[in-house]
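Below are my notes on the model, as numbered points. They cover the nonpolar cores and then the contact between the chains.

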Amino acid sequence: MPFISKIQRQTDYNRFPSSTPIVIDNGASYFRIGWAGETEPRVIFRNIVQRPRHKSTGETVTVVGDHDTALLKHFDCTRSGPRSAFDSNVVFQFEIMEYILDFAFDRLGANGSRIDHPILITECVCNPVQSRSKMAELLFETYGVPSVAFGVDAAFSYKYNQQRGICQKDGLAICPGFTTTHVIPFVDGEPVNRGCCRTNIGGYHVTDNLKQLLSLKYPHHMARFTWEKIEDLKMEHCYIAPDYALEARLFQKGSKEAEDKTRCWQLPWVPPPIEEPPSEEEIARKAAIKERQGQRLREMAEAKRSSRINELENQLHGLEFLLQQLAQVEEEEISSFLSKTGYVSKQEIESTLTKVSQSLRKAKGESKVEQAENEEKADSSTSDKYPLINVPDNMLTPEQLKEKKRQIFLKTTTEGRQRAKQKRFEEELEREKKTREDEERRLENPELYLEQMRTKYKDLYEKVEQRKRLKINGGHANGNSSGGVGRGERLNAAQRERMRLLTTAAFDRGKGEDNFGAKDEDWQLYKLMSKDNDDDDDGSDEDEAELARVCSRLQAIDPTFVPKPEPTPSQAATTEVPRVRPLTKEDFQVVLGVERCRCPEILFHPNLVGIDQAGLDEMTGASIRRLASKNEALEDRLTSSIFMTGGCSLFPGINERLEAGIRMLRPCGSPIKVARALDPVLDAWRGASAYAANLQFQQQTFSRVDYYEKGEDWLRRYQLRYTL
Amino acid sequence: MEAEVIKAELVLPTHMSFKRIQMYGKYPKGQSKVRWKQLKQILQAEICQNYSPDEPNYVNIESPPSMQPCKRICDITGFEAPYHDPRTNLRYANADVFKLVRSLPNEYVQRYLALRKAAVVLR
């Protein structure tokens, strides 16, 4: 059912003599062109133009009609969407029209210096004269066409079917098209424009509605809902319900019939590969690899260590040798000897010696205790390093004073570090002791312990809660009771407490003398005030830490313990936490239930999409009214031959619905017969082709000379006579 | 131009033998400088011509507003919708749909309303 364009270049252009007209059905959806007298148009394509830029060369090219998207990847299509020459059903963009005609004639095989055939082209009902004249100008000037005729596509379709007996010479043609829907009464085989009726709703609106609905319902699959795909869906699955309310109720109840009517579109979906638990061999293999890697690393580390040890030992030996040599050397030659080796004094050599031996010992990995001892020894030798500390100030020179200060500083810092270490050690011991006690208590009396823990948890929780509440409420509570005008809401509880203390201290003893401060306890007030803020926060932190600890303990040992949820700021629980679960097949299904009949319903009720005009059934009534024929028989004849053409009339169920709708408008008992065209899509072209093949056709056209001489007014009144 | 593109004849050639004036002659700078008149302007020009009102023209033959009572269907599900939400201006069918309606972010609300041209348009 989806349309396939035919754009093969035709080769037999030259076979046709100059008198054979070319027939063009210029529709808002598709453009059809062919030769008069044939049954099928030669070239069919979508009436749109794209002007993308080529990615590598950068030039802007024109692409007419629908093309394979795979080829379009060579072009940058971001700035150029498909553009149509139409606005509603009137051509207004003649540049685009020219591109389209170029393409059409080219594919028809046109060669030669001009298009030397008369042209029959379709237009909309009551086409504005400006559009008509510009079209004529385009054809005459640019293409050199000898003569042109304009006709209405619905009328051609009607005549074609009339000849085949589908409809009579008096009847109504209903043509739901791409952008508009027309109802045209025919009297004596000629369309009566006076009674014509047009609503601005068509297949475009139906497709657009379906696209929007699906995009809103399935936002994550929005990229899949392209225009072409949705049109395909519409053509395949949409239908018109005989009574929309009944259908909707059916779907709402979710009955079996509704299930049958629901269509499901499965998008391509690849289930994620199931990760099976690694088998035994896998685990073993991985473990072996890890083992080997670990081994390699250890070997490397070992090698490095041994090389470093060797290095240090060598250095040590060298230094010892040096010392020995030094001992043997005479006093006077020490300085010259030392300058050769690079060390300044004996002490330096000795200190380097000790350092090297220390690092050697560390590299060899001796126990920590020895290290600690060494450190202590090293520390004890610090008193040697700070020789100047104990020397009183007045015996030192300025440089030595500076030196002394530096040594004092160093000493105090090292001592401080030692003290800190000691304290940490003690704390560690303390903590271990506490946990041990805890364990003992638990082991000897589990129940009691559990009870104690629970009560402790509850108390802590309450305290934390309360503090939190105070903090929040302190900001929100009435400002009346707090000190300070208008600032009450901004201060939290602690600050308000401070203010209160201050004010009471200041004003409380206003009666008598101000003897604040006479007693020592009064000054404690300041301590309270200043510490109030800090204490609060620290205390709450401690409490919360304690709470967390107790909570974890309880969770570890008590299987029935459920931690009370953290108090979160109150939110309206409208949005649920998105549940993250693996995507299933169902997530990739697009379900078309009531949308199947909701979208075409807009043809009958345009106010469902906000267009305030009559629907199909009402339009027929309006059209008959406008005719104002006052001839009952004529009206009966009109309704007994109602003819449906146009792409949108292909919806299943439209005939019955239309009949039911019209029956509501007409007097009881009047004959109503609705017939559909043999081929609603192509019949317009076929009718035009049959019309153009008629010998009398030439009289209905107008030539270039006519166009320039007779002027616009004549063009406005130009009308084809459809019965030849 | 890639071989497959040329083979498929995707691109419209710039020179056509049957044309008297080529596109690049008419519109030297690529796009036409002419601003084509939109339909509204064309129709206004037509009305101004003061033709007899009896004659059918493009505007005349437009159909009248619908006489039938407006059918109210739910914006989201498509079922019959007797209810209307004053806050979002959406129509809904029952309580479950109402929950959904109230939980929609504003963007979706406007898109649903745009379906029946009831969205708030800020220009």
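1. In the largest nonpolar core, which has 80 residues, A:Phe105 and A:Ile115 touch the most other members. A nonpolar core is a set of buried Ala, Val, Leu, Ile, Met, Phe, Trp, Tyr and Cys residues joined through side-chain atoms within 4.5 Å; buried means under 20% relative accessible area (1.4 Å probe, protein chains only). α1(A) gives the largest share of this core, ten residues; helices are DSSP runs (H or I, at least four residues), numbered from the N terminus.

2. This is a predicted model, in which local features need pLDDT of at least 70 and side-chain atom pairs count only at pLDDT 80 or more, while totals for chains, interfaces and linings use all residues. Residues are numbered from 1 along each chain as its sequence is written, chains are lettered from A in the order in which they are written, and side-chain values use heavy atoms, with hydrogens and water left out.

3. Leaving aside residues up to four places away in sequence, A:Phe105 touches B:Phe18 as well as residues of chain A, including A:Ile22, A:Ile115 and A:Tyr143. Contact here means heavy atoms within 4.5 Å.

4. Another core, of 67 residues, lies apart from the one above; among its members are A:Ile201, A:Phe225, A:Val594 and A:Met644.

5. Chain A puts 90 residues into the contact and chain B 64 residues. A:Glu95, A:Arg198 and A:Leu216 supply 10% of the area that chain A buries against chain B, more than any other three residues. Buried area is the accessible area (1.4 Å probe) that two parts lose on being put together, summed over both.

6. Five salt bridges are counted between chain A and chain B, each a side-chain nitrogen of Lys or Arg within 4 Å of a carboxyl oxygen of Asp or Glu. B:Lys19 forms one with A:Asp102, with the closest N and O atoms 2.8 Å apart.

Methods: Buried < 20%, exposed > 50% of the residue type's maximum accessible area, 1.4 Å probe, protein only. Helix = DSSP H or I, 4+ residues; strand = E, 2+ residues; numbered from the N terminus.
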